[in-house]
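Reader: I have a chain open on my screen and would like to walk through it with you. Could you take my questions as they come?

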Amino acid sequence: MVSRVPAASRFCSPDPLFGDVAPEIIEDTLIHLAMENERHLSVLPDPAGCFREARTVEFIFLLSEKWHLDQPAKYQAVELLERFMIKQIEQIYTSPQQNITSDEQGRSQNSLQEQIYDTFVLRLVSCIQLASKLSLHYNAVNSDTALKFLQSLKYSYTKQELLESELAVLETLQFQINVSTPLAYIELLLEVLGHNGCLLPAKPLHQMCVQLLDFFYLKRDTIYDTLLNIAIENLTPSELQIAKFLMVKEDLMLLAVGIISTSAFILNPEHWKKVVEHLNCITGITSQSISEFSYAVLKHIIGGTTPKQHHRR
């Protein structure tokens, strides 16, 4: 008689299951993510990344932990807030202002900017709520929980205002809120690595990737500054070089391979080079780019032996 795993234990598992997906599904999903990443990079707005500031990310991470959300939800919340805030800024500066003077237009824009500033925490909470509903609908952050938290910060929002805030986020993003996060790229690439015979076990590699992804989100700007300095071999990049580097900073496939590579180096340096070769074959990202990314991450973790040094031995 075959015993069945209780539904609760299956759906509450915090870790993904690797090795159970058919190869053709993995291939289709990989192609889909690669195309999604290319589309994302082809239409990057100038302020991309501005709202992933470390204090904002830490706020979201701590609040997600307080509300017992899973890993995908907190990354989804960060990306939702980033996309929403950029859209709001674009709307301020691109909305048609007919039959008004330049002074009136300036005052109108200032008023909208003040409104964005005043409602920032409310919108942040709404993004976490929406992310929780996408990720774990049976553990979604309800209005009572969100209001209790906002009241603890001395905000006096009503339940109606909280619902209107969620709707404002949804409408601004045209209800397109279920987009892939860096974690989705990482987990898919780990699945591919397993099918390709990677010697490192998927579960500990996944756990290390999640820890490093958290670290990366909190140190994002400094890590990318280091990576830019490596790329241009100069500590003082020009404005043009910084602008062109935006595509690197927003490349989710590069981020995913970089996090996996760094995790592999930490867990088993002897197998690291082979993992990098696998990632190069899967994504087409050069081994040099992957190792430079790992170098930049590890430089801010330990400042000691790095893949760059290890690779040259």
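Predicted model: local features only at pLDDT ≥ 70, side-chain atom pairs only at ≥ 80, totals over all residues.

Reader: Where does I301 lie, and is it buried or partly exposed?
Author: I301 belongs to helix 16, which covers residues 287-301, and it counts as partly exposed because its relative accessibility is 35%, a value that falls between the 20% limit for buried and the 50% limit for exposed.

Reader: Stepping back to the whole chain, how many helices and strands are there?
Author: The secondary structure comes to 17 helices and 0 strands. Of the 313 residues in the chain, 42% are buried, and the accessible surface of the chain comes to about 17,400 Å², with 53% of that area belonging to carbon and sulfur atoms.

Reader: And what share of the contacts comes from residues 24 or more positions apart?
Author: Taking the contacts with a separation of 6 or more, 78% are between residues 24 or more positions apart.

Reader: Changing topic to the rings, how many aromatic pairs does the structure hold?
Author: The structure holds 12 aromatic pairs. One of them joins W67 and F149, whose ring centres are 5.7 Å apart and whose planes stand at 80°, so this pair is edge-to-face, the cut-off for that label being an angle over 60 degrees.

Reader: Which parts of the chain does that pair link?
Author: The pair links distant parts of the chain, since W67 sits in the loop between helix 3 (54-66) and helix 4 (71-94), whereas F149 sits in helix 7 (residues 143-152), 82 residues apart.

Reader: What about H68, where is it, and what is its phi?
Author: H68 lies in the loop between helix 3 and helix 4, and it has a positive phi of about 60° although it is not a glycine. With a relative accessibility of 63%, H68 counts as exposed.

Reader: And F175, what phi does it have, and where does it lie?
Author: F175 has a positive phi of about 60° and is not a glycine, and it lies in the loop between helix 8 and helix 9 (182-195). F175 is exposed, its relative accessible area being 52%.

Reader: Back to the rings for a moment, which residues form the aromatic cluster?
Author: One aromatic cluster is formed by F61, Y75, F216, Y217, Y224, F245 and F293. As for F61, the charged end of K74 sits over its ring, 4.4 Å from the centre.

Reader: Now Y157, is it buried or exposed, and what does it touch?
Author: Y157 lies in the loop between helix 7 and helix 8 (159-172), and it counts as buried because its relative accessibility is 16%. Leaving aside residues up to four places away in sequence, Y157 touches D118, T119, L122, L147, L150 and Q151.

Reader: Last one, how far apart are E171 and F84?
Author: E171 and F84 are 87 residues apart in sequence and 9.7 Å apart in space, taken C-alpha to C-alpha. E171 lies in helix 8, and at 48% relative accessibility it counts as partly exposed.

Methods. Residues numbered from 1 in each chain as written. Heavy atoms only, no water. Phe/Tyr/Trp six-rings, centres within 6.5 Å; stacked < 30°, edge-to-face > 60°. Helix = DSSP H or I, 4+ residues; strand = E, 2+ residues; numbered from the N terminus. Lys NZ or Arg CZ within 6 Å of the ring centre and 35° of its normal. Buried < 20%, exposed > 50% of the residue type's maximum accessible area, 1.4 Å probe, protein only. Contact = heavy atoms within 4.5 Å. Areas by Shrake-Rupley, 256 points an atom, 1.4 Å probe, with all protein chains shown as cover.
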